[in-house]
Each structure stands twice: as structure tokens, then as C-alpha cells.
Amino acid sequence: MSRNLTADLAADLRTRIVDGVIQPGDKLPSENTLIGEFGVSRTVVRAALTRLQAEGLVETERGRGSFALTPPPHGDPLAPGGRPVASLEDRLHLLEFRMGVEAEAAALAARNRTDRQLKAVLNALEEFTASGDHPAHAMKSDYEFHKAIAAASGNPFYSDCLASLGQTMIAMPRTRLMTGDEHYARDHFEQVVHEHESIYAAIAEGDEPSSSAAMRSHLANSRRRLRAGRQEGRSGQA
């Protein structure tokens, strides 16, 4: 019985990503490395990477290589009824969707949040602020920040929506944190921190319009950074 070399290679890389051997934002081994390690052709390597892209586990940047994304919950390639987020267009569409959903969730959080829920938002903000040198931690705490705001809205459907998206809604390679361009990376990270702080402050003040506007502005800036980052060969953070 002949082996399916593409499936074997995809399964091996998938396991490394899901098990955390290859962390979100990490660069995958080069094509030549995978060819040597697995004894397969370049065509097989590219087919395996294409399969992982379709599953939302990998993103490939021309001239830079392939990078691991955050696996969906429980390591499932896709949630039931979900769709992969594997291209720039997918990510832009997702950010547009989040703008509508999360801007209203932030306004409701300003109105309905409890002290305990506000503390959860603050904790996530502090963890994110401290995670600038750790891309995987930044992605997780970023997601926890947005999820805490959804919970503070008092409407469980917002929490359900973000839970269904999972961390993949934040899953963008953090190559800008790994390119050696530290000033560029730090400036962008600090801008995202500032945007998160503005959202938290408005919610803490109970200011519904400002909370909604701060969230919408943050996600619009994320969309702008993503577009600009692709033009410069870098990636943005949401």
C-alpha cells in the first residue's frame, strides 16, 4: 500500500502546531529542511502547506516562509459550521465582522459590567501589556481581553460568538516581533496596548458611546495595520 506523503507531512506538522512544539507566530522549517527531513519532493511540501493553510493552521508569506497560527479550540481544524481564516481577505472580512459585533458588546459592557467582570478585563489587559516579547502569550491575552469584554456585556450571545471564533480570530503571525526590527515591533505593540487601555477606561467610566467608539477604532486600526503590514511584508496584530 502506497503512503500518502502529503497527508503524512501535513499530519506531522499539524501535530507539532497543535501540541505547541511549533508555537503560534513561529516560522515553520524551510522547504529545503522539510525535504531533507522527510525525504519528499518540493511538490509534496508545498501541497502539505497548502492543506494546513486551508485548515487555518498556517499562513505563508511570499519570500518570508510559512508561520504557525493559533490552533482552533481542542485542536480541531475547523469548528462545526466554521470556515478557515487562511488569507488576507479572510482576515479583513473577520475584522469587519468583529467591528460590528464587538463595538456593541463594548457599549453594553460599559452599561452592564459588574466589578468582577471589570477586574477580569483589567487582568487581561495587564497580561497583554506584559506579553510584548512573547508572541504566543500576546495572542492568548489579546483574545482573553476581548472575551472578557464580551462577557461583561451581560448578553451570553456575545460570549458565545467569540467562543465560536476562538483564538483564531487573533491568529496572525507575529513576524514583526521576530524580524529584528525591534523599534518597529515595539511601536506597533505599544499602539495596540494604548488602544486596549482606551477601551478599558471607557468601560470603567460607564461611557457607552466612548466604549463603542474605542473598540471600533481599535479594530479599524487593526485592519489598517494588517493591510499596511502585508504591503511591507510584515503582519499586524488585532
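A residue is taken here as buried when its relative accessible area is under 20%, as exposed when over 50%, and as partly exposed in between (1.4 Å probe, protein chains only). The model is predicted, so local features need pLDDT of at least 70 and side-chain atom pairs count only at pLDDT 80 or more, whereas totals for chains, interfaces and linings use all residues. Residues are numbered from 1 along each chain as its sequence is written, and side-chain values use heavy atoms, with hydrogens and water left out.

Salt bridges (a side-chain nitrogen of Lys or Arg within 4 Å of a carboxyl oxygen of Asp or Glu) number 11 in a search of the whole structure. One of them pairs Arg16 with Asp12, with 2.7 Å between the closest N and O atoms. Both residues belong to helix α1 (residues 5–18), where a spacing of 4 residues separates them by about one helical turn. Helices (H or I, at least four residues) are DSSP runs, numbered from the N terminus. Arg16 counts as buried, at 18% relative accessibility, while Asp12 is partly exposed at 28%. Through shared partners, salt bridges also join Asp12 and Arg16 with Glu37 in one network.

Attention now turns to a helix pair. Helix α2 (residues 31–38) packs with helix α3 (residues 42–54) at an angle of about 110°, and their axes are 9 Å apart. The axes are lines fitted to C-alpha atoms over the stretch in contact, with angles running from 0 to 180 degrees between N-to-C directions. This angle makes α2 roughly perpendicular to α3 (65 to 115 degrees; under 35 is roughly parallel, over 145 roughly antiparallel and the rest oblique). From α2, the contact (heavy atoms within 4.5 Å) draws on Glu31, Asn32, Leu34 and Ile35, and from α3 on Arg42, Val45 and Arg46. By class, 3 of these residues are nonpolar, 1 is polar and 3 are charged.

Because Arg42 lies in α3 and Glu31 in α2, the pair ties together parts that are 11 residues apart in sequence. Arg46 and Glu31 also form a salt bridge, at 2.9 Å from N to O, linking α3 to α2 across 15 residues. Glu31 is partly exposed at 24% relative accessibility, as are Arg42 at 35% and Arg46 at 47%.

Note on methods: Helix = DSSP H or I, 4+ residues; strand = E, 2+ residues; numbered from the N terminus. Nonpolar A, V, L, I, M, F, W, Y, C, P; charged D, E, K, R; others polar.
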